[in-house]
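Below is a short briefing on selected structural features, grouped by topic.

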Amino acid sequence: STQSTWGSANTLNSMITALKNAGCICCGCVCVGEAVNLKGRQRLLSNFPDLDVVSIVKFRLEGNVTTPGVPGHSLHSIVTPPKKSDGHYFRGMTPQSVIKAKLNEITSTFVGIPIQLTSSGYPYSNFCLTDFVPLMDPQLVEDMAECCCALCNFYDAEVIVSESDRGGGPLTHACALLTGLPYCLANWYSPGENIGFGTKANVGYSGVGTIHVNGLIPGMKVIVVDDMLSSGGTAEALFTCIEKAGCTIVRAVFASEKINAKGRARLAKNFSHVPLISLCQFISEGEKTVKA
């Protein structure tokens, strides 16, 4: 199991419990950061004493500024705007025949998938990118990123923005590796007062919530990358937060688009100036999804 940063270990406890309930064995846990004063490690090991727990950086989360969790260690904070990298991917470097074959493979993961209706009547399907059913093949994520970069111009962007929920994070990370651009992932919770920008979101599947975007610097040119354009609720909220931050959205690219959910039309009402690109399109009606 891997986690970015942990403190009280509530999330890790829930994740490992879910793995055990699914009949799996969690051999270990690796975290980038550990807030040692919140004593999450002790709590975790009290529930799972045989678990191997590793954290790369230990710090204390108290007072006004984080401090080293281990005497003699130091913390380094990036306080200057990120510099745009030239990256190593250039549009056109992959033959069009290869891109076409990859697009066909990507489309196949969204077509012929059973449809189930939620309690509100919303048609929902479990895809490998959004729900990890079946498990996501990392090569497929890389292929999706390569197609995003082949069909969408990243040259005039300074940062990639997506959401941390579902497949947006893995896809954005893969695109960032290809282009050399920094990225930030929006969360469905506030990181604290006067940090970032938030707005209400009305999403077809999840309902009403509030999405928050952090780290953007006014004047930045942004590309939005996400796993799916469906009802348009998430994209609409992301676009709103980005423009609240004083940034410009140069375009948005989605791995897939659920045509009959009419998200494109919804975005056209307030964001007609943002070009929208999707790698594949499908229709979610009846028993299974079909190619649009």
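**Salt bridges and surface features**

Arg166 is partly exposed, with 26% relative accessible area. Its salt-bridge partner is Asp165, with the closest N and O atoms 3.5 Å apart, and Asp165 is partly exposed as well, at 30%. The model is predicted.

Salt bridges
- Salt bridges with shared partners link Lys102, Asp143 and Glu146 into one network.
- A search of the whole structure gives nine salt bridges.
- Lys102 and Asp143 meet through their side chains at 3.3 Å, N to O; Lys102 belongs to helix H3 (residues 96-108) and Asp143 to helix H5 (residues 138-151), so this pair ties together parts 41 residues apart in sequence.
- Glu146 also forms a salt bridge with Lys102, at 2.6 Å between the closest N and O atoms; Glu146 lies in helix H5 and Lys102 in helix H3, so parts 44 residues apart in sequence are tied together.
- Lys102 and Asp143 are both buried, and Glu146 is buried with a relative accessible area of 15%.

Strands E7 and E8
- E7 (residues 159-163) and E8 run parallel and are joined by four bridges; Val161 has Cys184 in E8 as its bridge partner.
- A right-handed β-α-β unit is made by E7, helix H6 (residues 168-179) and E8.

Nonpolar patch
- Val30, Val32, Val54, Ile56 and Val57 form a nonpolar surface patch with about 400 Å² of accessible area together.
- Strand E3 gives the largest share, three residues.
- Ile56, found in E3, counts as exposed at 63% relative accessibility.

Terms used: Residues numbered from 1 in each chain as written. Predicted model: local features only at pLDDT ≥ 70, side-chain atom pairs only at ≥ 80, totals over all residues. Heavy atoms only, no water. Pairing = 2+ DSSP bridges. Helix = DSSP H or I, 4+ residues; strand = E, 2+ residues; numbered from the N terminus. Right-handed = clockwise from strand over helix to strand, strands pointing away. Patch = residues over 30% accessible without salt bridge, like charges linked within 9 Å, V, L, I, M, F, W, Y side chains within 5 Å. Areas by Shrake-Rupley, 256 points an atom, 1.4 Å probe, with all protein chains shown as cover. Salt bridge = Lys/Arg side-chain N within 4 Å of Asp/Glu carboxyl O. Buried < 20%, exposed > 50% of the residue type's maximum accessible area, 1.4 Å probe, protein only.
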